[in-house]
Amino acid sequence: MADGPDQMTRDWPGIAAAASVAALIAGPVLAVLWFAGGGALPGPGDWAAVRFTLLQATLSAGLSVALAVPVARALARRQFAGRRVLITLLGAPFILPVIVAVLGLLAVFGRSGVLNLGLGWLGLPPVQIYGLHGVVLAHVFFNLPLATRILLQGWQQIPAERFRLAASLGLGPAQVARILERPMLRATVPGALLVIFAICLSSFAVALTLGGGPRATTVELAIYQAFRFDFDLGRAAVLALIQTGLVGAAALAALRVSRGDGLGAGMDRALRRWDANSLALRVQDATVLTLAALFLLVPLSMIVIKGLAGLPHMPNSVYSALIVSVCVSLLSMSLTMLLTLTMGLAALRHGWIEAIGLLGVAMSPLVLGTGLFILINPWLNPSSLALPVTALANALAALPFALRVVLPALRRAEHDFGPLADGLGMAGWARLRWLYLPRARPALGFAAGLSAALSMGDLGVITLFADPQQATLPLQMYRLMGAYRMEAAAGAGLLLLAASLAIFWTFDKGGRSDADA
């Protein structure tokens, strides 16, 4: 292995990047702390927002995980044509721009949506999507796939030999569920609940579009209202502190609960199930998977159908907003990957660097924007820095996800070939070029596509800083929806969806093509 000075020489870019990330997160938080000292204590409306935030996050997480259990079970015990495609589609809502997904949900569950049209034909009263149930519905749409993927990984970690043993002992479906599946769920479900709970606490765009009334205001939305409507920075700072405490506590609890024991070792045999071959269980699993697919795919289909009809109605400002979004996305992705690669390489030898990179999980982008606004406002016009600040906030928000994707690939490369590289005296640029980049290329491409797509669809910090002449495509969509130009908004939504998927596919494909790993 390389000696200490050589290691420090090799790791200084990652250490500098970690210090910069810590400063960029701690600086706004300290600014919020300082400014909150002069802010008023939370009023009744603020505590109502806290209660609503906790209520909607609890309901959203509970429903998402409860519905994900039968879906994950069906996927775990069935092999069928199109299974891989369905599992891949379960990842689509994660990179789907929130404002686009909301538009699809409105097309299905809104006042003039497909569901209400059907209820009208049957003579039944319409359903209302705005308010608590609309926020929860949207969060379930986004997080049901995430919960399913988490639980499916739990099922896949049960060694195949245990199911073989259960079959040899003649155990039926109920006994297999009690002996094998329920212990796995007890270990997996709490972590999934807390992760989704933390995500729903800091959800902004959903509450902005489907909530917003006095009884459906989240803490994030209250921060936005304090800025845009009241310009009460003291109240916004106090609310930002509350939001940081809520999300941070949920994130720490999720990390603690997720560190469970394994489910035992196996021989990596192909999984085969003998306990679920009855006709009733096959019909049950097919019904569950069909309903889940319809719940996910119908809103996506409506986005395409209504978007195609709305393309001719889009104003020219949509195309300029698209260019702005692409530029912000590429800048944010570049910052994310620079931080990910430098910090990931240094984290191979300094575990504390990874912990700093994951701080963004507990930091709401809107809280980060609050602190940055407080820091910038005395010196410059924040609107003049709207796009760079948005790109920076998006990069910090995407950094934890990118690190979790790239760092395992870097560790595998170091474990497999690090001693050989040390023996050859390979260090610095040569080590990066010949050891890490070829073997981490697929992970780097996926992380780049993911961070770029997340930035493309973000509707958060830009709402605090942008002026009427400046907008990203998600913000322009929201403005069109606020002006009741729903056809133009639908066309912009389809454009944003296509751009997000295209930018994700481009980088992900670039990482996988001709990769050495």
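**Backbone, salt-bridge and surface features of the predicted model**

With a relative accessibility of 72%, Y484 counts as exposed (over 50% relative accessible area, with buried meaning under 20% and partly exposed in between, for a 1.4 Å probe and protein chains only). Y484 lies in the loop between α20 (473–482) and α21 (486–512), helices being DSSP runs of H or I with at least four residues, numbered from the N terminus. Although Y484 is not a glycine, its phi is positive, at about 60°. The model is predicted, so that local features need pLDDT of at least 70 and side-chain atom pairs count only at pLDDT 80 or more, whereas totals for chains, interfaces and linings use all residues. Residues are numbered from 1 along each chain as its sequence is written, and side-chain values use heavy atoms, with hydrogens and water left out.

Helix α17 (residues 386–423) bends by about 60° at F417, and the proline P419 follows within four residues; the bend is the angle between axes fitted to the seven residues ending at a residue and the seven starting there. Just after α17, a positive phi of about 70° is found at G425.

The structure holds 1 salt bridge, defined as a side-chain nitrogen of Lys or Arg within 4 Å of a carboxyl oxygen of Asp or Glu. The side chains of R77 and D285 meet in a salt bridge at 2.8 Å, N to O. Because R77 belongs to helix α2 (residues 44–77) and D285 to helix α13 (residues 279–310), the pair ties together parts that are 208 residues apart in sequence. Both R77 and D285 are buried.

Key: Helices (H or I, at least four residues) and strands (E, at least two) are DSSP runs, numbered from the N terminus.
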